[in-house]
Amino acid sequence: MPAKLDPDPDAAAVYKAFQDAGRPAYETLTAAEARAYYSAARLVSNPDPADMASVRSIAIPGPAGDIPARLYTPNKLRQDEGLAPALVFFHGGGWVIGDLDTHDVVCRGIAHDGELLVISVDYRLAPEHKFPAAIDDAIAATRWIADNARKLGIDPEQLSVGGDSAGGNLSAVVALHARDHGGPLLAGQVLIYPATDFSMRHPSHSEPETSVLLTHSVIRWFRDHYLSGAQDADDWRASPARAETLAGLPPAFVITAGADPLRDEGDEYARRLADAGVPVVHRTYPGQFHGFFTMGKLLPQANVAVREIGDWLKAL
């Protein structure tokens, strides 16, 4: 069945172009080959990068050695007594693919539109590093950034976390961990079509029209690379929806897409946050597929999403 991408003809056209290109499915590749394909795709789909005042590489001490990270400073930066708000960003890619370069443009865009610092974190990937390695890195990086906030020019009271897909999962888990383990106190969480429940029982995981680019079989490929077994899926650090309560979490900006296997679990997580008393802005993009957020050269709605995130972060 063709993907239901109406009312956005741009998304339908991009999907057709990907089909016509005959790219191999990720599940037919090794992890290294999939990473190379994903990295090359950004040259076609990423918009022009926003100019920054500076982009600096930093090394964050982690549980298995230094974690590479990148600090973005926009030309226009909101500051109070030399300190600025900041977003710790975790890239998507199913915990298997993606890196600092694949999400460089969106980090620049968020920094520019939000007039804040962005620190992109290059956590360890599977299958070389299984769950919970990525989580351990994300938690350690956020803690280190909070502890060194003033040295980095960050207002420690205006530190948020965010990311897309697997990065949205990591952001949700970091927020839960911070709530339950003495901080750091987070100002907000940006969850862009987040993976929240490895049960994969929601209807959108079986609807033919959601199997677009991030197909149902690719999701299983990512899962099998990341998790060591079925027992990991029940761990709230893998499936934040399994957390006993979502009360007491920081305000959230949640994005979901219509033609996305993760749609229903993202929608449900947003509802549960709101029901728990967490301030939530939930933006749905019914005509988009999973992964659209980084495709601003081809999909205008991606640039809209970046601007909306920037506006929300400014409102915090």
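Predicted model: local features only at pLDDT ≥ 70, side-chain atom pairs only at ≥ 80, totals over all residues.
**Pocket lining, helix contacts and backbone exceptions**

Q: What is the volume of the largest pocket, and which residues are the closest to its centre?
A: The volume of the largest pocket is about 830 Å³. It is lined by 45 residues. The closest to its centre are Tyr26, Leu213, Leu214, Val218 and His290.

Q: Are H4 and H5 parallel, perpendicular or oblique to each other?
A: Helix H4 spans residues 133–147 and helix H5 spans residues 166–180. Their axes lie 10 Å apart and pack at an angle of about 60°. Roughly perpendicular begins at 65 degrees, and roughly parallel needs an angle under 35 degrees. H4 and H5 are therefore oblique.

Q: How do the residues of the contact of H4 with H5 divide into nonpolar, polar and charged?
A: From H4 come Ala134, Ile135, Ala138, Ile139 and Thr142. They meet Asn169, Leu170, Val173, Val174 and His177 in H5. The residues of this contact divide into seven nonpolar, three polar and no charged.

Q: Are H3 and H9 parallel, perpendicular or oblique to each other?
A: Helix H3 covers residues 104–114, and helix H9 covers residues 300–315. Their axes come within 8 Å and cross at roughly 45°. Roughly parallel would need an angle under 35 degrees. H3 and H9 are therefore oblique.

Q: How do the residues of the contact of H3 with H9 divide into nonpolar, polar and charged?
A: H3 brings Gly109, Ile110, Asp113 and Gly114. These meet Val306, Arg307, Ile309, Gly310, Leu313 and Lys314 in H9. The residues of this contact divide into four nonpolar, three polar and three charged.

Q: Is the crossing of H3 and H9 left-handed or right-handed?
A: H4 passes H5 in a right-handed crossing. As for H3 and H9, their crossing is right-handed.

Q: What is the omega of the peptide bond from Phe131 to Pro132?
A: Pro132 sits in the loop between strand S4 (117–121) and H4. The bond from Phe131 to Pro132 is cis, with omega near 10°.

Q: What is the omega of the peptide bond from Gly183 to Pro184?
A: Look in the loop between H5 and strand S6 (188–192) for Pro184. The bond that joins Gly183 to Pro184 is cis, with omega near 5°.

Q: Where is Glu115 found?
A: Glu115 is not a glycine, yet its phi is positive, at about 55°. Its place in the chain is the loop between H3 and S4.

Notes: Residues numbered from 1 in each chain as written. Heavy atoms only, no water. Axes fitted to C-alpha atoms, helices over the stretch in contact; angles between N-to-C directions. Helix = DSSP H or I, 4+ residues; strand = E, 2+ residues; numbered from the N terminus. Parallel < 35°, antiparallel > 145°, perpendicular 65-115°, else oblique. Left-handed = near helix turned anticlockwise from the far one by under 90°. Contact = heavy atoms within 4.5 Å. Nonpolar A, V, L, I, M, F, W, Y, C, P; charged D, E, K, R; others polar. 1 Å grid on protein atoms, 1.4 Å probe; cavity = no way out; pocket = protein on both sides within 12 Å on 5 of 7 lines; lining within 4 Å. Points joined across faces, edges and corners; volume = space filled by probe spheres on them.
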